[in-house]
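Please look through the sequence and the model below before reading on. The paragraphs that follow lead from the helices to the strands and then to a few single residues.

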Amino acid sequence: MRNKPSVVDKSEILHKIESLISQTDISCSQEQLDKMATLVVLLEKWNKALNLTAIRDPLQMVVLHILDSAVVSPLIKDRGNNIADVGTGAGFPGLVLAILNPDKHFTLIDSIAKKLSFVRTAMVSLNLNNISIINDRCENIELDKKFDCILSRAFAPLCKIIEWCKDLIAKDGVFIAMKANLEHDELDQIDENTTIEEIIELKVPSLDAKRQAVIMRIKD
């Protein structure tokens with residue numbers, strides 16, 4: 001007797017997202033909640049073939065990918081409309097933020113093509129028209145229009161983010177680096193041409209781990 005393949009229960013995923021989002025200051029429509037649930041279903045399916053994330057349990061994906069990305073959404077509200085997610089991997093936080101902020105445009109950047117193939121599939125499946133993709137290393141990219149805000153999530157040390165992306169940010173643009181384990185040594189390595197405006201504690205519902213957002217600008 002063959003084992004039945006596991007089936008991801010979208011309704012259970014949707015319920016969990018609704019429950020956790022309700023514990024934050026994030027407001028979203030039922031359509032946006034449904035898109036985030038569909039994104040988890042897609043990620044779980046594609047992960048088996050492409051090994052996109054070490055997280056296998058869809059309900060853990062809700063916490064560690066969806067909510068962990070969504071909590072930065074309030075921080076980009078007044079950061080302009082042209083936003084980059086560098087080192088996006090399988091599209092986090094960029095895909096989630098694009099769902100939550102349809103009025104902003106997101107450019108998802110990564111050097112690994114197989115991960116961006118998932119991002120493209122998700123864009124089409126979720127009908128996200130506010131996303132562009134760049135498959136390249138940050139330091140190789142040339143832009144006509146620079147970004148108002150550059151996001152990163154578990155991408156690189158702060159000093160490297162600035163070094164690799166300094167030519168991509170607008171004159172008055174801001175960097176938002178999402179960090180899980182921010183050490184003083186990492187802060188000390190930032191050069192004198194970079195200003196840390198603020199370090200914000202991020203609260204991810206049901207996650208017993210520290211999350212912070214480091215807000216940085218390059219001095220004139």
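**Helix 3 and what covers it**

The buried residues of helix 3 are covered by, among others, helix 1 (10-21), helix 2, helix 4, strand 4 (147-153) and strand 5 (169-179). This is a predicted model, in which local features need pLDDT of at least 70 and side-chain atom pairs count only at pLDDT 80 or more, while totals for chains, interfaces and linings use all residues. Residues are numbered from 1 along each chain as its sequence is written, and side-chain values use heavy atoms, with hydrogens and water left out. Helices (H or I, at least four residues) and strands (E, at least two) are DSSP runs, numbered from the N terminus. A residue is called buried under 20% relative accessible area, exposed over 50% and partly exposed in between, with a 1.4 Å probe and protein chains only; contact means heavy atoms within 4.5 Å.

With these terms in hand, helix 3 can be described in detail. Of the 13 residues of helix 3 (residues 58-70), 11 are buried, so this helix is largely enclosed by the rest of the structure. The buried residues are P58, M61, V62, V63, L64, H65, I66, L67, D68, S69 and A70.

Helix 5 shows another pattern of burial. K115, L116, F118, V119, A122, M123 and L126 of helix 5 are buried. They cover an arc of only 150 degrees around the axis, which puts them on the same side of helix 5; the arc is that of the directions from the helix axis to the C-beta atoms. An α-helix has 3.6 residues a turn, so residues three or four places apart point the same way. The buried residues of helix 5 pack against helix 2 (30-50), helix 4 (94-100), strand 2 (105-110) and strand 3 (131-135).

The length of a helix can also be checked, since the expected span is 1.5 Å times one less than its number of residues. For the 14 residues of helix 5 (residues 113-126) this should be 20 Å, and the end C-alpha atoms are 20 Å apart, which agrees. The 21 residues of helix 2 should span 30 Å, and here too the end C-alpha atoms agree, being 30 Å apart. Just after helix 5, N127 takes a positive phi of about 55 degrees, and just after helix 2, N51 takes a positive phi of about 55 degrees.

The strands can be followed from strand 5, which is mostly covered, with nine of its 11 residues buried. Strand 5 pairs with strand 4 in the parallel sense over six bridges, where two strands are said to pair if DSSP finds at least two bridges between them. R153 stands opposite M178 in strand 5. Strand 4, helix 6 (residues 158-165) and strand 5 make a right-handed β-α-β unit; right-handed describes a crossover whose path from the first strand over the helix to the second runs clockwise when the strands point away from the viewer.

Strand 5 is also joined to strand 7 (residues 212-218) by five bridges, and these two strands run antiparallel. In strand 7, V214 stands opposite A177 and Q212 stands opposite K179. Five of the seven residues of strand 7 are buried, so this strand is largely enclosed by the rest of the structure. Strand 6 (residues 194-201) and strand 7 run antiparallel and are joined by seven bridges, and I218 in strand 7 is the bridge partner of T194.

Single residues complete the picture. L151, found in strand 4, is buried with a relative accessible area of 0%. Leaving aside neighbours within four places in sequence, L151 is in contact with residues including V72, I76, P93, L97 and I176. I134 lies in strand 3 and is partly exposed, with a relative accessible area of 21%. Q32, in helix 2, counts as buried at 14% relative accessibility, and touches S27, I99, L100 and P102, not counting residues up to four places away in sequence.
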